[in-house]
Amino acid sequence: MELQQLRYFLAVVEEKNITRAARILRISQPALSRQLQRLEDELNGVLFDRTPSGIILTENGYYLAERAREMVTLADKIVTNLTTEETLHGDLYIGGGETTSMLSVIRAFHEMHQQHPEVTIRIHSGNGQDILDKLDKGILDFDLVIEPFDVKEYHHLQLATADRWGILTRRDHPLGQQTTVDAADLRNAPLIISEQTKDQQQFAEKTGLDFNASRIVGTYNLLFNASLLVKEGLGHALCLDHIINTTGSELIFVPLLPNVTSNTFLIWKKEAVLSRPAKKLLEWLRHSQNETAL
């Protein structure tokens, strides 16, 4: 299985049509079909179901597509970073969940980019475990994690900002007209909580919330979709502040009492050999964090 075959395969996955993919790849349709057939023969499995309206991935096809994207991204990252000469250029790969602390990283990159405009940033957002897996596989340079998270297994840098917890609710709901909410307010209220939060005993102790006794009507990985549930009046989303812009909307963020905040850490693998752009970003970040502390 060659890297070029995987690129051909991913082009077909993207276009959902072999003829269109061949046109984009600038090879003949029969040549592309032969490459795909060789790939299927090597893997001893069918990757596509061919239909009149296009191709449909099989279960094996879905699995290969996910792995192939990771392999191609990693290969491109290695080539770009190893061919870097005197001028600093290349890609930075950063992952993380939804947190305003990402702004600290973006500001550091902005300052760095003004001096090194040939460096690009690639941000991956998503489920915490999915992003962590990509870091462990070497696909990402850095990951932003929110406590409680055991950072001892990684190199880490604590960012200067902390995120405050509260609920996202409708302005016309009685809770939306309070300045704060506490565990007593939420004891019988329908809650929408993040997948990462629901099993964290430390968070439950900080807030006084007993999730086992709470009315959990849903969970989320990313807050935007949870905000749609809140808009429909299905419940109140337990979340971090400033993730959803509530200005001029029917939603409002109400902070928890007692005040509950979470620190954010930038982490990277201990055994990782960081690229020059990644090392440079760390320099800018550490400099900006020191300035903030003064």
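Guide: Start at the end of the helix. Just after H6, Gly138 takes a positive phi of about 85°. The model is a predicted one, and the angle is computed from it. H6 itself runs over residues 128-136.

Now look along the helix. Ile131, Leu132 and Leu135 are buried in H6. They lie on the same side of the helix, because the arc they cover around the axis is only 100°.

What do these buried residues pack against? Their partners are strands: E3 (90-96), E4 (119-125), E5 (142-146), E6 (154-170) and E11 (261-269). The loop between strand E10 (251-255) and E11 holds Pro258. A cis peptide bond joins Leu257 to Pro258, with omega at about 5°.

Positive phi values also turn up at residues other than glycine. Arg26 has one, at about 65°. Arg26 sits in the loop between helix H2 (18-25) and helix H3 (29-43). Its relative accessible area is 78%, so Arg26 counts as exposed, the cut-off being over 50%. Asn44 is another such case, with a positive phi of about 55° and no glycine at that place. The loop between H3 and strand E1 (48-51) is where Asn44 lies. Asn44 is exposed too, at a relative accessible area of 71%.

Asn212 is exposed, with a relative accessible area of 79%.

A polar atom of its side chain lies 2.7 Å from the backbone oxygen of Asp210. Leaving aside neighbours within four places in sequence, Ser214 is in contact with Arg187 and Leu191. Asn212 gives a sense of distance. Its C-alpha atom and that of Glu271 are separated by 39 Å. Along the chain, Asn212 and Glu271 are 59 residues apart.

Step back to the whole. The protein has 10 helices and 11 strands. Its C-alpha trace spans about 65 × 50 × 35 Å along the principal axes. There are 294 residues, and 44% of them count as buried.

Contacts can be sorted by separation in sequence. Take those between residues at least 6 apart: 74% of them join residues at least 24 apart.

The surface comes last. The accessible surface is about 16,100 Å², and carbon and sulfur atoms account for 49% of it. As for charge, there are 30 positive and 39 negative side chains. The centres of the two sets lie 4 Å apart.

Note on methods: Residues are numbered from 1 along each chain as its sequence is written. This is a predicted model: local features need pLDDT of at least 70, side-chain atom pairs count only at pLDDT 80 or more; totals for chains, interfaces and linings use all residues. Side-chain values use heavy atoms; hydrogens and water are left out. Helices (H or I, at least four residues) and strands (E, at least two) are DSSP runs, numbered from the N terminus. Buried means under 20% relative accessible area, exposed over 50%, partly exposed in between (1.4 Å probe, protein chains only). Contact means heavy atoms within 4.5 Å. Accessible areas come from the Shrake-Rupley method with a 1.4 Å probe; for residues, only the protein chains shown count as cover. Lys and Arg count as positive and Asp and Glu as negative; His and the chain ends are not counted. The place of a charge is taken as NZ of Lys, CZ of Arg, CG of Asp or CD of Glu. The arc is that of the directions from the helix axis to the C-beta atoms. A polar contact is a pair of N or O atoms within 3.5 Å; within protein, one must be able to donate a hydrogen and the other to accept it, and residues adjacent in sequence count only if both atoms are side-chain atoms.
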